[in-house]
Amino acid sequence: MWKLKRFLGQYKKQVILGPLFKWFEAVMELIVPLVMASLIDIGVSRRDGWYIAKMGGLLLVIAAVSLGCALICQYFASIASQGVGTNLRREMFQKINSFSHTELDKFGTHSLITRLTNDVNQLQTAVAMLIRLVVRAPFLAIGAVVMAFTVDVQLSLIFVIAFPLIVLVLYVVMSRSVPFFKVMQRKLDKISLITRENLEGARVIRAFSKQKEEMGRFAEASDDLADTAVRVGRLSALLNPLTAIIMNLGVIAILWFGGFQVDAGRLTQGEIVALVNYMNQILLALTVVANLVVIFTKASASAARVNQVLETEPSVKDEAPAEIPADRNAPVLRFQNVSFAYAGTEEPSLSGVSLELMPGETLGVIGGTGSGKSTLVNLIPRFYDITGGRLEICGRDVREYPLSQLRQMISVVPQKAAVVSGTIRENMRWRKEDASDEEIWAALKTAQAYDFVNALPKKLDSYVEQGGKNFSGGQKQRLTIARALVGSPEVLILDDSSSALDFATDAALRKALKTDTKGMTVILVSQRASAVRRADRILVLDNGEQAGLGTHEELLENCPVYKEICLSQMNAEEVAK
């Protein structure tokens, strides 16, 4: 948690003044038993109504001042805790957005969501408790012991015995229960994962009638978390009874021995009441300390998880200081013996890929499932960095470009169509914020989305729901293709992005791309031989290796892998056309 202290830097005033007001409240609370003792010994015993009224008024003043101090402290604690939480979320979100796909794969979406929400909430609570109670509770406990000595030294020895016993109980219970809180955070991650999978895959789950199985899976994870929480609860449940027993024994001892002192005239009834009140204050203060231990233990576990995110350096670093000029005479794309292996794996997912693409050329990429097609195109915009060889865009290594410039030159349409909530126009302007309606309609025509968008009542102002749930899979794919075309990128990557389109629409899309994107280099990834056969060149991948590169006709003659793919999808006559 100490590593996160910098987030408190801009709230120094709140962090200093908040505990100061809370400390003053504790001082007022320590004075109350002495006032009560005087009220009993002087006002009640002498039946002095004026003195009783005066002391009663003093108690009201003390209560009002204490309330004011508590409210001011609460105000400062709220400002600091909410501010720290907001800044922490902002920095975490910014950090997560700087991650490459490698780091996102490492943490997992479900874990990052839990860290960004639940873990930050735990830290917010810790900051609030730091300001409100960290100073007050120990001061009140120690102050009560000291104040007891001012009343009577002999009876205060009871406090000297009771205080360490209560501390011992707190230590034993908390030391055994604290480790479970870290385990609970990990189990909460698992529940978050299952919840996310079920919400995103609700249609698939219902299609296979797997609701009961998924409910059982969730119940198992939830019960596992609940069992851990119950174990912690059982340990924590011992806290209050054991401390209450010690406190009550202390109160009995005060009343027993204090009674003899009162009979002997060495103590008054009011002083006995004051000592009992100080004993109660010690118990309440130490109970608060125990709760603080729980809160800070949870916060410590959360801080470690938050720090893990903040301290992770992205494997793809944007180190280029400024935009650099591209060499327009060089090939738009050049792979030179490129290889790549995912983090934590020994076998490369790609190896020995070499090819060149000139402006306006179309490259088809084909291969079986798991052959490395998507991995190959993810290297071009630097979603991952290559582990071997050299990859160039317009004559320069991709690592020389600032990421913003590189990704402005490239448009990627992923396998899974991803649109965001907002209007169609807002979605279309992701690459180019000032794109005109004419540019958008032109892109929609090329992507074969013009007809269904134009048929909508509000056209470009039609609303896209979260995840595009108000559009079909094919419509979402065409919208994402249109979005990629807006702004005329130099390289357009279509990663199996027409899988939801019928053959007629797919054929019309490929024809439109050929006529409307002249000068644009297109990389078309597909498992359909019919989708890539008209490309200027076709790259064939097999188990991450380059099995062939050439035209459709050339590959039929010299690439057995490509020929096998074609014959598995078309008859001999269609293949030869």
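This is a predicted model: local features need pLDDT of at least 70, side-chain atom pairs count only at pLDDT 80 or more; totals for chains, interfaces and linings use all residues.
Residues are numbered from 1 along each chain as its sequence is written, and side-chain values use heavy atoms, with hydrogens and water left out. Local features need pLDDT of at least 70 and side-chain atom pairs count only at pLDDT 80 or more, whereas totals for chains, interfaces and linings use all residues.

Rings of Phe, Tyr and Trp (its six-membered ring) were paired if their centres lie within 6.5 Å; planes under 30 degrees apart count as stacked, over 60 as edge-to-face and the rest as tilted. By this rule the model has 10 aromatic pairs. One of them joins Phe-340 and Tyr-342, whose ring centres are 4.8 Å apart with 80° between the planes, an edge-to-face arrangement. Trp-441 and Tyr-450 are also paired: the planes meet at 65° and the centres lie 5.2 Å apart, so this pair is edge-to-face. Elsewhere, one aromatic cluster is formed by Phe-21, Tyr-75 and Phe-76.

A charge was taken to sit over a ring if NZ of Lys or CZ of Arg is within 6 Å of the ring centre and within 35 degrees of the ring normal. The ring of Tyr-450 has the charged end of Lys-445 over it, 5.0 Å from the ring centre. For Trp-430, the charged end over the ring belongs to Arg-483, at 5.2 Å from the centre.
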